[in-house]
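This report describes the domains, cores, ligand shell and backbone features of one protein model.

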Amino acid sequence: MTIQRGWCPSLYEPMATGDGLLVRVKPPAARLTSAALRTLADAASQFGNGVFELTRRGNLQVRGLTPAGVLGFAAAMVAAGLADADPAIERHRIVMPPPLAGDDPAVPPGVLALAEAVERMVPPGLPPKFCVAIDGGGVLAGVPAADIVIDARNCTPDTAMWVQRKMRDAVGHARGVVQPARQPRSAIGFHRYGTGHEGAFGLGLPFGQTDAAGLLRLAELADRFGGGAIRTSPWRAMLLGRVALRDLTELRIAAAEWVLDSADPRLRITACVGSPGCDRASVPARADAGLLAAQGAAGRLHISGCAKGCAYPGGPVLVGEAGRYSRVENWRAGTAPAPQGLTLEAAASA
Ligand code: SF4
């Protein structure tokens, strides 16, 4: 087992953080059955601290594992059908399929086969964070920032070969040429499939995070309203892909703990884990994000526990140092700003 201290952890290549080791689970086809969700929740509690983060690539990041627990956790993921037993195959899972493939009738069939074909062609030596994203169209058309973006609606029999050539061109480079994200208007709430009786429903995770108990409650929602499965997405939301129009009122009541309004400040404010989860943090970044959201803070803002800037999405940021904050409008993560010594409130309103 390799413990990574830099970027891009995977299931078998954990990253050391302040609260233990962090691994990523990439659900095949961005889909988890309710049974797989329950296995994931149990394994994360048994081998880690049960904290989950949904990443901007739609992966589930699991925190707080011990070195001895990593292989046990990985075995549980393989048994649940959420990972391959071969670490090399897991390392090559760089394709983000459309999250609603198989549920939204407008997403072209065959898109998952294309994703698998591309992953079989991944050459060694790609930049560490290299990502291929497939935009399937439909009610949640869009992709996160990625090195290669495929529009599934314009695919031809040559598309996989075209991607293979692009990947070969990127081999040996420190990083790819990242294509900007194309976001859907909002993933939150109900998205009807055409004029049919079903649609997708996006449940926002406050600050992109939940815990094992939260996953178990999502599994219940999947069973009651989603045909027994739930999807990850790159938009801080888990998606129920098969929600009946007639169930909407009941679903909104049952799902009230999740973010159901696209204007909710918990979607605009982002934060790293901060203290006490990360030993490099001097400020409780995520708890402070909660305080600002409760105060109705306007506008986009990221709160970073230290100058490393994990998961910094760009834009205005509060950077913690020695228990205080500095505010930077356009930050280059990894560079320490001149200390401003601001309180949270002063930095947020500066
Ligand atoms: S940015 Fe946040 S999570 Fe990353 S090392 Fe600093 S405090 Fe830890």
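Buried means under 20% relative accessible area, exposed means over 50%, and partly exposed lies in between, with a 1.4 Å probe and protein chains only. The model is predicted: local features need pLDDT of at least 70, side-chain atom pairs count only at pLDDT 80 or more, and totals for chains, interfaces and linings use all residues. Residues are numbered from 1 along each chain as its sequence is written, and side-chain values use heavy atoms, with hydrogens and water left out.

**Backbone features**

| Residue | Phi | Loop | Relative accessibility |
|---|---|---|---|
| Arg236 | about 60 degrees | between β12 (229-231) and β13 | 17% |
| Ala322 | about 50 degrees | between β16 and β17 | 69% |

Because its relative accessibility is 69%, Ala322 counts as exposed, whereas Arg236, at 17%, counts as buried. A cis peptide bond, with omega near 0 degrees, runs from Ser275 to Pro276. Pro276 belongs to the loop between β14 (269-271) and α9 (285-294).

**Domains**

The protein chain is assigned domain 1 (15-88), domain 2 (95-170), domain 3 (189-261) and domain 4 (266-349). These bounds come from an automatic or database domain assignment. Taken over C-alpha atoms, the centres of domain 2 and domain 4 are 33 Å apart.

**Nonpolar cores**

A nonpolar core is a set of buried Ala, Val, Leu, Ile, Met, Phe, Trp, Tyr and Cys residues joined through side-chain atoms within 4.5 Å. In soluble globular proteins, nonpolar side chains tend to be buried together. The largest core here has 42 residues, and Leu40, Phe73 and Met77 touch the most other members. Helix α6 (residues 212-225) supplies the largest share of this core, seven residues. At least three residues come from each of domain 1 (15-88) and domain 3 (189-261). Apart from this core lies another, of 21 residues, including Ile94, Val107, Val111 and Ile150.

Contact means heavy atoms within 4.5 Å. Not counting residues up to four places away in sequence, Leu40 touches Val25, Leu32, Phe52, Leu60, Phe73, Met77, Leu82 and Leu215.

Val243 sits in strand β13 (residues 237-244) and counts as buried, at 0% relative accessibility. With residues up to four places away in sequence again left out, Val243 touches Phe190, His197, Glu198, Gly199, Phe201, Phe225, Leu248 and Leu251. From Val243 to Ala76 there are 167 residues in sequence and 29 Å in space, C-alpha to C-alpha.

**Aromatic pair**

Rings of Phe, Tyr and Trp (its six-membered ring) pair if their centres lie within 6.5 Å; planes under 30 degrees apart count as stacked, over 60 as edge-to-face and the rest as tilted. The structure holds one aromatic pair. The ring centres of Tyr312 and Trp331 are 5.1 Å apart and the planes are at 65 degrees, so the pair is edge-to-face.

**Ligand shell**

Which residues surround the ligand? With a heavy atom within 4 Å as the cut-off, they are Cys272, Val273, Cys278, Arg280, Ala281, Ser304, Gly305, Cys306, Lys308, Gly309 and Cys310. By class, the shell has six nonpolar, three polar and two charged residues. Ala, Val, Leu, Ile, Met, Phe, Trp, Tyr, Cys and Pro count as nonpolar, Asp, Glu, Lys and Arg as charged, and the others, Gly among them, as polar.

Note on methods: Helix = DSSP H or I, 4+ residues; strand = E, 2+ residues; numbered from the N terminus.
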